[in-house]
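Biologist: Could you take me through the surroundings of the ligand, one piece at a time? I would like a close look at that part alone.

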Amino acid sequence: MASSSFSSSATSTVAFFLLAVLMGSSFAQLSTNFYSKTCPKLATTVKKVVQSAVSKEKRMGASLLRLHFHDCFVNGCDGSILLDDASSFTGEKTAGPNSNSVRGFNVIDDIKSEVEDACPGVVSCADIVAIAARDSVVLLGGPGWDVKLGRRDSKTASLSAANSGVIPPPTSTLSNLVSRFQAKGLSTKDMVVLSGSHTIGQARCTIFRTRIYNETNIDASFAKTRQSSCPLTVGSGDNNLAPLDVQTPTVFDNNYYKNLINQKGLLHSDQILYNGGSTDSLVDKYSKDSDSFDSDFAAAMIKMGDISPLTGSSGEIRKNCRKVNS
Ligand code: HEM
């Protein structure tokens, strides 16, 4: 009896691996020790460069975190966002959610060049982005997590996918936010906790103008302060920046949720998470319990980093994160 159940489970294990091999990359898994033999200095190298960039400009930590999000939501975490436009190649950098907005590319280049010196041709740009995002959060006072690795870099990018709304716009309804995250295998809770990223970083006037002049679920004195550096006239002061977290914009803490409860969310898509709807209770919880925010955030970042990676022999390990290998 015991031996027959052993052999049937052994058979199914073999069958599973055969199927995995036949199906190529789709069964391959990321792992936290992927480069432990091939690039043992990876973690310290990335951390050192991120540390130096963030010490020069704290906002860079926020920018590197967002880069990972915008990479993962467009056809998976495959480094596609890093590809430059060229004469015969169109990347994702000019897409609405990215243009004049996403930043941190030079830091990724600096990391890549040090990593290439240490272990040439081994580490993907997509993995570098994932590690840099984690290191940024930690440096700004947030939680850490073990980054799963083994992603490969895409040989393509998709401007149309980047523009298609898969990265939800800040004008989104709550149900759009929920469904855009759900489409990537992320729950409503993941969406609310990952939005807590807006505890760091900045947004442009053009993004929050309508909210600070027209919306009613906003603290009046907060709106007035924001209006002072974001004129009503479209086209004037469009690129003026304001912190997403009015209290501690360079510290990764749970003040974002406290702001929402005080109607001081900067973006429409922030305040909609606490506006009498189904996510109010989560906002309430994270505003009071920073430990659960930290641990749920770390878990959700691992899930986000798992979105459709290229593994096995798919894609490539780019030499230069800005272009595909020739
Ligand atoms: C829930 C849906 C989300 C929407 C609608 C949204 C929208 C935005 C917008 C419009 C900006 C400002 C861009 C600009 O003014 O140029 C921004 C900034 C930012 N977002 Fe989000 N975001 C969302 C989720 C996320 C997630 C999941 C993350 C990370 C995991 C993230 C991280 C950030 C960071 C860190 C910044 C500041 C970047 C900087 O200062 O360079 N956001 N977001």
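Modeller: Happy to! The iron atom of the ligand has a single protein donor, NE2 of His198, at 2.1 Å; donors here are N, O and S atoms within 2.8 Å of the metal (3.2 Å for Na, K and Ca), and water is not among the atoms, so sites may look incomplete. This is a predicted model, where local features need pLDDT of at least 70 and side-chain atom pairs pLDDT 80 or more, while totals for chains, interfaces and linings use all residues. Residues are numbered from 1 along each chain as its sequence is written, and side-chain values use heavy atoms, without hydrogens and water.

Histidine 198 is in the loop between H8 and E1 (helices, H or I, are DSSP runs of at least four residues and strands, E, of at least two, numbered from the N terminus). An N or O atom of the histidine 198 side chain is also 2.9 Å from a ligand nitrogen, a polar contact being a pair of N or O atoms within 3.5 Å. Serine 101 places a polar side-chain atom 2.5 Å from a ligand oxygen, and a polar backbone atom of glutamine 202 is 2.9 Å from an oxygen of the ligand.

Stepping back, 26 residues surround the ligand, each with a heavy atom within 4 Å of it. H3 (59–72) is among the contributing elements and gives the most, six residues. Domain 1 (42–167) and domain 2 (174–304) both supply shell residues, so the ligand lies between them; the bounds come from an automatic or database domain assignment.

Key. A polar contact is a pair of N or O atoms within 3.5 Å; within protein, one must be able to donate a hydrogen and the other to accept it, and residues adjacent in sequence count only if both atoms are side-chain atoms.
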